[in-house]
Amino acid sequence: MTTHTALDLAAAVADQLADPHMTRLEQAISHRQHLAYGLPGIALLHIERAAAGLGPWQRVHDWLAAASREPFTSGPDSHPFYGAPAFAHALARAADHLPGAYQRALGTLDHQLTTDVNLRLDAAHRRIDAELLPALAEFDTIRGLTGYGAYLLHRSSSATALRAVLDYCVRLTQPITYDGELMPGWWTAMGPSGSPDHRFPGGHANNGMAHGIGGVLALLALAAGQGTFVNGHTEALGRILVWLDHWREDTGRGPRWPYWITRSELRSGRLGPSAPRRPSWCYGTAGLARAQQLAALALGDAGRQVDAENSLVTALTDPAQLTATTDNGLCHGFAGLAHIAARAADNAHPATVGRLRAAIPVLLAVVHPPGTDPAHAASTLIRDEERGPGFLDGAAGIALAVIAPSTATPPRSAWDACLLIA
């Protein structure tokens, strides 16, 4: 009897998404410009498989061509996961493995992104000068300057723009006085959705990787790990780590971090009661543990590194947190947890690497239970009306996320650079 693995599922998803003109891809086509749901995100799956020698480059060309058939949105209506920046991420990942290919298009996109970044930076610094609070979309990974920094970090031609983003991130971590109170510089008056929310009177401080300070921590740490520092860089890392240390919650099994801090919690200095939450990439302990591991590696702090890795192991094995995880997606599901575990294990301390690796097979078995037919499972994922074939929640992202955990080798194409976990 053949035992089908999660790697077989990834291959089946890629095969069933071979043609961008398939009739059942209406959802992806309707989100053509979106990295999370549309064509650029699906292209990433074919780029990674081609770079690893698991699939043909022709599929990459076909998906990139389909994505670029109409002009992309740029300027203030675009962001790292939508429009020209989203396509640039996919195109750059392919160009890394095809010397000379796509360079003219990338040059045009890089010029546009640099222009957009500079405009966003000017507005952000004016906002700070006026002692106003930021919107999440000013700085977060999905829509803001941290997400642009993730792209620039992998583009050697963008060193000046990257340093400008890092300078901004340093400034963002400095406290701000608002409404007579001292607050962290990333405090927002809005709710986690980025809109006014009666459940968050006085706003909140977002801790997440997708929309909060976790992404900023990861960007600063990854830049430092590559040897790129700006003035105040180390101090900014320290401020974020002190914040996370303060709001660390001991569950009895290990630490976890809240998704956000409310105004009343900030005033009291204590967390309110809460039920266990899923330890995802976008929010919660898994993403934050990886960000803290990266920061510890950049700072040469072995003790903090081991602590972060142990926190991740706990999140990946705690029944209460895993019960709160209800889907298999990359953003906040079991495939994403397996991928974070694999990335953390790639540079883990000898004291914890074995425990991280040991958690992965259980996670993969949830994504693709033993005995499951990969072709049927792939078809079910692609046809899912809610999540569909896309990258962040859907089939392509699940397929991408299980490759590194299944092979115990890092991604070949740096497709996950947009997530700031490596």
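What follows is a chat about this predicted model.

Q: Before we start, what are the ground rules for the numbers?
A: This is a predicted model, so local features need pLDDT of at least 70 and side-chain atom pairs count only at pLDDT 80 or more, while totals for chains, interfaces and linings use all residues. Residues are numbered from 1 along each chain as its sequence is written, and side-chain values use heavy atoms, with hydrogens and water left out.

Q: OK, the core. How many residues are in the largest nonpolar core?
A: The largest nonpolar core has 139 residues. A core here is a set of buried Ala, Val, Leu, Ile, Met, Phe, Trp, Tyr and Cys residues joined through side-chain atoms within 4.5 Å. Buried means under 20% relative accessible area, exposed over 50%, and partly exposed in between (1.4 Å probe, protein chains only).

Q: Which residues have the most contacts inside it?
A: Phe81, Tyr168, Leu220, Trp281, Phe391, Leu392 and Leu419.

Q: Take Tyr168, then. What is it in contact with?
A: Leaving aside neighbours within four places in sequence, Tyr168 contacts Leu121, Ala124, His125, Arg127, Ile128, Glu138, Phe139 and Leu145. Contact means heavy atoms within 4.5 Å.

Q: And helix α1, which of its residues are buried?
A: In α1, residues 6-16, the buried ones are Ala6, Leu9, Ala10, Ala12, Val13, Ala14 and Gln16. Helices (H or I, at least four residues) and strands (E, at least two) are DSSP runs, numbered from the N terminus.

Q: What do they pack against?
A: The buried residues of α1 pack against α3 (39-51), α4 (57-67), α17 (353-367), α18 (374-383) and α19 (395-407).

Q: What about Val367, where is that?
A: Val367 is in helix α17, and with 9% relative accessibility it counts as buried. Skipping residues up to four places away in sequence, Val367 touches Leu9, Asn328, Phe334, Ala335, Ile398 and Val402. Val367 and Gly329 are 38 residues apart in sequence, and their C-alpha atoms are 8.7 Å apart.

Q: Next, His204. Is it buried or exposed?
A: His204 is buried, with a relative accessible area of 0%, and it is in strand β3, residues 204-206.

Q: What does its side chain reach?
A: The backbone oxygen of Met190, at 2.8 Å. The His204 side chain also makes a polar contact with the side chain of Asn206, at 3.2 Å. A polar contact is a pair of N or O atoms within 3.5 Å; within protein, one must be able to donate a hydrogen and the other to accept it, and residues adjacent in sequence count only if both atoms are side-chain atoms.

Q: Which residues does it touch further along the sequence?
A: Not counting residues up to four places away in sequence, His204 touches Leu136, Trp187, Thr188, Met190, Gly191, Pro192, Trp260 and Ile261.

Q: And Trp243?
A: Trp243 is in helix α11, residues 233-246, and is buried at 11% relative accessible area. The Trp243 side chain makes a polar contact with that of Asn207, at 2.9 Å. Leaving out residues up to four places away in sequence, Trp243 touches Pro184, Trp186, Ala205, Asn207, Ile261 and Leu266.

Q: Which residues have a positive phi without being glycine?
A: Ala408 and Ala414 are among them, each with a phi of about 55°. Ala408 is in the segment after α19, and at 46% relative accessibility it counts as partly exposed. Ala414 is also in the segment after α19.
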